[in-house]
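Please look over the points below with the model open. They cover ring pairing first, then the ligand site.

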Amino acid sequence: MIMRFKKKLSIELEGLKGFRNPKIELEQYVTPPSLVAEIVSNACLIDGLDRKIIDLGCGTGILSIAFELAGAESVGFEIDRDALEVARQNSRMAGVNPDFVLSDVRDVKLKGRFMVVMNPPFGIHRKHADRPFLEKALNIGEVIYTIHSAGSEKFVRSECTRKNFAITHIWRYIIPLKRTYEFHEKDFKQIAVEVYRIERR
Ligand code: SAH
């Protein structure tokens, strides 16, 4: 059942649009649909989808939209107006209606018990560009699903320990990153990532 759901979701997400003019300084890459479907399935099985989903740095909206397609309610925050325009178009195309808010993640102020999902900048261009994302997630989240580049465990663990959160799962994947920027030589590059599930103690 879950396998079929995952496959169907992944195929549906394949139809969404990516960044129109990706901005390198913001590290804009779309998360591959198959990985998004995998995260939604895991969240569904482990946590259920009763909590509101907060998608930090939602980009073109793939995570927010996927969670809505699975039946959750989501809100995406994003600093780039152009990306949000695509996210809104994508939502209409998918027939769902997440909220999208133009905001720096640092300025997000929320009260409640949320499930935070995110694929933050990995800090390839600026070291630890993912730090403000993780900090915000640890402030507003009860449960967090977050994607980082391979080798981030020490950093993620120390942030979690400081805020009294526990890492319950680490999934490792090799994902194809689509050619997004002119300087990329190949159409696809394989990169190793880690998906963390983190929960408040
Ligand atoms: N979540 C999307 C996009 C991932 S790329 C997906 O999974 O496909 C990272 C996103 O974070 C980009 O869209 C970038 O514009 C956004 N971003 C970078 N710094 C940000 C900040 N300080 N506040 C909000 N969004 C930011």
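1. How many aromatic pairs does the rule count? The count comes to one aromatic pair. The rule takes rings of Phe, Tyr and Trp (its six-membered ring) with centres within 6.5 Å; planes under 30 degrees apart are stacked, over 60 edge-to-face, the rest tilted. Y145 and W171 have ring centres 6.2 Å apart and planes at 20°, so this pair is stacked. The pair links distant parts of the chain, 26 residues apart: Y145 is in strand 5 (residues 141–149), W171 in strand 6 (residues 165–178). Strands are DSSP runs (E, at least two residues), numbered from the N terminus.

2. A note on the basis. This is a predicted model, where local features need pLDDT of at least 70, side-chain atom pairs count only at pLDDT 80 or more, and totals for chains, interfaces and linings use all residues. Residues are numbered from 1 along each chain as its sequence is written, and side-chain values use heavy atoms, without hydrogens and water.

3. Check the polar contacts (N or O pairs within 3.5 Å). A polar side-chain atom of T31 lies 2.5 Å from a ligand oxygen. Ligand nitrogen is 2.9 Å from a polar backbone atom of V105, and 3.4 Å from one of I79. The protein covers 97% of the 570 Å² of accessible area that the ligand has on its own (Shrake-Rupley, 1.4 Å probe).

Technical notes:
Polar contact = N/O pair within 3.5 Å; in protein donor to acceptor, adjacent residues only side chain to side chain. Helix = DSSP H or I, 4+ residues; strand = E, 2+ residues; numbered from the N terminus.
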